[in-house]
2 protein chains.
Amino acid sequence: EIAQRVAELFTSTALTGRRIMLTAGPTWEAIDPVRGITNHSSGMMGYALAQAAAEAGAQVTLISGPTSLTKPERVTSVDVVSACDMHNAVMERIAEQDIFIGVAAVADYRPVDSADQKIKKNADEMTITMVKNPDILADVANLEHAPFCVGFAAETHDVVDYARGKLERKKLDLIAANHVGGSETGFGVPDNAISLISRDRVLDLPKQSKHALARRLIIEIADSYQKKNEKQT
Amino acid sequence: EIAQRVAELFTSTALTGRRIMLTAGPTWEAIDPVRGITNHSSGMMGYALAQAAAEAGAQVTLISGPTSLTKPERVTSVDVVSACDMHNAVMERIAEQDIFIGVAAVADYRPVDSADQKIKKNADEMTITMVKNPDILADVANLEHAPFCVGFAAETHDVVDYARGKLERKKLDLIAANHVGGSETGFGVPDNAISLISRDRVLDLPKQSKHALARRLIIEIADSYQKKNEKQT
């Protein structure tokens, strides 16, 4: 039944003409020209979703932090480095989007301007003072004419509870909760397990390749988007 | 003339039986299970040197921080994450080495133990307290029976002056000074320009592929190593 729905969607026009923007990858918050703060995101999930959305007929814009991945075909992409760069790139282009999927692992904080940053290289200790980054997803969801908003949550504990809290707090339509292992060496693993959460349900998608998962998620997102539109019209 | 020397070395037994250890790549200093401090090192230069050393007949041990590179053939490799891990991996195996080449961009500092780290996610500001990491290169060079020690310096300004200071301070035999661009987006560029500095000279090697440069550097390192040994015996 699932196989059939996949086949239908990917030969149908369910997303034809829909404009989808995704963010993907980590952000890089520079401490100085050499060092920075980042995270383990490889960008694979976001890239896989961008590809699946393009295959389903959508016009896709991918705003990507630094990754070593090849850009999917038939996707308009914009490369950014920091969370502030990403915020700007999203906001410049958000007005024309129908659906926004925030997959990027955006840094919560950035070091204060490096000119102000006094790094004493010979000191036994050093401190880095950080300030809060803009919340891209919340800013998009709070727009007067907000697109259909999908967030991602990557947590090590209480994944579903935390994700539902984020869904409500940020006024999202859907949130995909990603079970992150505690391993320090979990760089860019190809498989993923996700719970897709809306206000009224939780859909558990078992561990599978990010490409298979991306197609499933695009089906569910398209479905929810359509239902929301039907209600409103 | 250079081409001839390259050909000679790579068909000769100049490094046969010599044991060379290299460190390569960045280190990852975890802030929490998701975030960490790292740097722009791709590991390409260290991996290229490991390969060139193996091709020149050496027994090569490569201690590598997290990279997405494929390990060179005929090289024994050990994967590490943090600077402390790398220090341990080096020290366990250093006694049997003839030559040590520290190419890794090792973090100077690491966040204090994450159990002690109080990250207030909702605060407007946060500070990360960091403590000094062990200096792997200095610890190796200060061993009673230290191998021939080659360091790398990646700086944005006063590259040669800084590198010579490091050579003397850390008691190295050679240091390769790498001219790092100021661009934030310089992730893993394939070309490199290097000045190779000893106590009595500076050899400037122009911008070229990291593989070509690696072969040149291995020739120069083998040469200096041999000269030092001839003096001592």
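**Surface, sheets and selected residues of the predicted model**

Chain A exposes about 11,000 Å², of which carbon and sulfur atoms supply 47%; accessible areas were computed by the Shrake-Rupley method with a 1.4 Å probe, and for residues only the protein chains shown count as cover. The structure is a predicted model, in which local features need pLDDT of at least 70 and side-chain atom pairs count only at pLDDT 80 or more, whereas totals for chains, interfaces and linings use all residues. Residues are numbered from 1 along each chain as its sequence is written, chains are lettered from A and ligands numbered from 1 in the order in which they are written, and side-chain values use heavy atoms, with hydrogens and water left out.

Of the 233 residues of chain A, 49% count as buried (buried, under 20% relative accessible area; exposed, over 50%; partly exposed, in between; 1.4 Å probe, protein chains only). Chain A holds 6 helices and 12 strands, taken as DSSP runs numbered from the N terminus (helices, H or I, at least four residues; strands, E, at least two). Among contacts in chain A between residues at least 6 apart in sequence, 61% join residues at least 24 apart, a contact being heavy atoms within 4.5 Å.

Strands of both chains take part in an open sheet of 4 strands, with the order 2(A)-3(A)-3(B)-2(B) and antiparallel pairing; two strands pair if DSSP finds at least two bridges between them. Strand 2 (29–30) of chain A and strand 2 (29–30) of chain B stand at the edges with a single partner strand each, so one side of each is left without a neighbour in the sheet. In chain A, 2 bridges join strand 2 to strand 3 (residues 35–39) in the antiparallel sense, and Ala30(A) stands opposite Gly36(A) of strand 3.

Strand 1 (residues 19–24) and strand 4 (residues 59–64) of chain B run parallel and are joined by 6 bridges, with Val60(B) as the bridge partner of Ile20(B).

Lys170(A) lies in the loop between helix 5 (159–169) and strand 10 (174–179) of chain A and is buried, with a relative accessible area of 13%. Not counting residues up to four places away in sequence, Lys170(A) touches Asp135(A), Ala138(A) and Ala141(A). The side chains of Lys170(A) and Asp135(A) are joined by a polar contact of 2.9 Å (a pair of N or O atoms within 3.5 Å; within protein, one must be able to donate a hydrogen and the other to accept it, and residues adjacent in sequence count only if both atoms are side-chain atoms).

Cys84(A) is in no disulfide, the nearest cysteine sulfur, that of Cys149(A), being 19 Å away. Cys84(A) is partly exposed at 26% relative accessibility, whereas Cys149(A) is buried, with a relative accessible area of 1%.

Technical notes: A disulfide is a pair of cysteine sulfur atoms within 2.5 Å.
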